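Biologist: Please put the model up, and then I'll go through it with a few questions.

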Amino acid sequence: MIERLLERVASGDERAFEELYRLTAEKIWFYIYRLCGDREKTEDIMMETYLEIWRSAKNFEGRSQALVWMYSIARHLTFKTLRRERRHEEVEYEETAGGQNPVEESMERERFRLLARALKRLPLTHREVLDLVFFHGLRYEEVAQLLNIPVNTVKTRVFHAKKKLRKILEEMGVRREDVL
C-alpha cells in the first residue's frame with residue numbers, strides 16, 4: 001500500500017502524499033523523537049523529512065520496503081541535526097501515556113519513566129536498534145538495510161542492548177517485569 005502511494009507521490013499526486021502522511025506520520029514522528037528526544041526538534045525534522053520524501057519519491061527504487069526507505073530519510077536528517085548540535089548522548093525523553101483510568105495511567109507513566117531512564121543510559125547505537133525492532137516492529141534484515149550494517153551486527157547490537165538494559169534496570173532496583 002505504501003509503495004503504491006509512493007509511486008503516485010513520485011508522479012506529483014498530492015492526495016497520495018496526504019494519504020502517505022496520514023498512514024506513516026505517527027511512526028516516523030516517534031522514531032525521530034526517540035532519537036532526538038525533543039518535541040520541537042522532532043516537528044522540524046518531520047517537516048524536513050516529508051519534504052525530502054516528496055522531492056525524492058521518484059528516486060525510490062524498491063530495494064527496501066517504502067517505510068524503511070522513509071525511516072532512512074528521517075534517520076539521516078535527525079543525525080544531521082544532532083551532529084550540528086553535538087548532542088548525540090544528551091537525549092531527553094518526555095512522558096507519554098494513553099487514556100486509561102487514573103490508577104492505570106499513573107502506573108503506565110511510571111513504567112514509561114523508568115524504562116525511558118534506563119534506555120537513556122544505553123549508547124545511541126543500542127537505543128536505536130531496540131527502538132526499530134521493538135517499538136517499530138522492523139525485522140533484523142530491515143534494520144540492517146536502514147543502518148547499512150550486516151544483519152549479524154544488528155543481532156549482536158540487540159543482544160548486547162538487551163543485556164545492558166537488564167543490567168541497568170537491575171542497578172536501578174527495577175524488576176524487568178515492572179517495566180516490560
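Biologist: Let me start with a lysine: what is the relative accessible area of Lys120?

Modeller: Lys120 comes out at 30%, so it counts as partly exposed, a class that lies between buried (under 20% relative accessible area) and exposed (over 50%), with a 1.4 Å probe and protein chains only. Please keep in mind that this is a predicted model, in which local features need pLDDT of at least 70 and side-chain atom pairs count only at pLDDT 80 or more, while totals for chains, interfaces and linings use all residues. Residues are numbered from 1 along each chain as its sequence is written, and side-chain values use heavy atoms, with hydrogens and water left out.

Biologist: Where does Lys120 lie, and how far is it from Gly37 in space?

Modeller: Lys120 belongs to helix H5, where helices are DSSP runs (H or I, at least four residues; strands are E, at least two) numbered from the N terminus. From C-alpha to C-alpha, Lys120 and Gly37 are 9.7 Å apart, although 83 residues separate them in sequence.

Biologist: How many helices and strands does the chain have?

Modeller: The chain has 9 helices and 0 strands. Of its 180 residues, 42% are buried, and among contacts (heavy atoms within 4.5 Å) between residues at least 6 apart in sequence, 65% join residues at least 24 apart.

Biologist: Which residues have the most contacts inside the largest nonpolar core?

Modeller: Those are Ile28 and Ile53, in a core of 56 residues; such a core is a set of buried Ala, Val, Leu, Ile, Met, Phe, Trp, Tyr and Cys residues joined through side-chain atoms within 4.5 Å. The elements giving two or more residues to this core are helix H1 (2–10), H2, H3, helix H4 (66–85), helix H5 (102–120), H6, helix H7 (140–147) and helix H8 (151–171). Leaving aside neighbours within four places in sequence, Ile28 is in contact with Met46, Thr49, Tyr50, Leu67, Met70, Tyr71 and Ala74.

Biologist: Now rings: how many aromatic pairs turn up in the whole structure?

Modeller: The search finds 7 aromatic pairs, counting rings of Phe, Tyr and Trp (its six-membered ring) whose centres lie within 6.5 Å, with planes under 30 degrees apart called stacked, over 60 edge-to-face and the rest tilted. One of them is Phe17 with Tyr50, an edge-to-face pair at 6.3 Å centre to centre with 70° between the planes. Phe17 sits in helix H2 (residues 14–36) and Tyr50 in helix H3 (residues 39–56), so this pair ties together parts that are 33 residues apart in sequence.

Biologist: Which arginine lies over the face of Phe135?

Modeller: That is Arg34, at 4.2 Å from the ring centre, where a charge sits over a ring if NZ of Lys or CZ of Arg is within 6 Å of the ring centre and within 35 degrees of the ring normal. Arg39 likewise lies over the face of Tyr33, at 5.6 Å from the ring centre.

Biologist: Why would you call H6 largely enclosed?

Modeller: Because 9 of the 12 residues of helix H6 (residues 124–135) are buried, including Leu124, His126, Glu128 and Asp131.

Biologist: At what angle do H6 and H8 pack?

Modeller: H6 and H8 pack at about 105° with axes 9 Å apart, the axes being lines fitted to C-alpha atoms, for helices over the stretch in contact, with angles from 0 to 180 degrees between N-to-C directions. The two helices are therefore roughly perpendicular, which covers 65 to 115 degrees. Among the residues that meet are Val129 and Phe134 in H6, and Val158 and Leu165 in H8.

Biologist: What does Leu147 touch?

Modeller: Apart from neighbours within four places in sequence, Leu147 is in contact with Arg75, Glu128, Val129, Leu132 and Arg157. Leu147 lies in helix H7 and, at 8% relative accessibility, counts as buried.

Biologist: Last one: what is phi of Asn148 near?

Modeller: Phi of Asn148 is near 60°, a positive value in a residue other than glycine. Most residues other than glycine have a negative phi. Asn148 lies in the loop between H7 and H8 and is exposed, with a relative accessible area of 71%.

Definitions and conventions
Angles under 35 degrees count as roughly parallel, over 145 as roughly antiparallel, 65 to 115 as roughly perpendicular and the rest as oblique.
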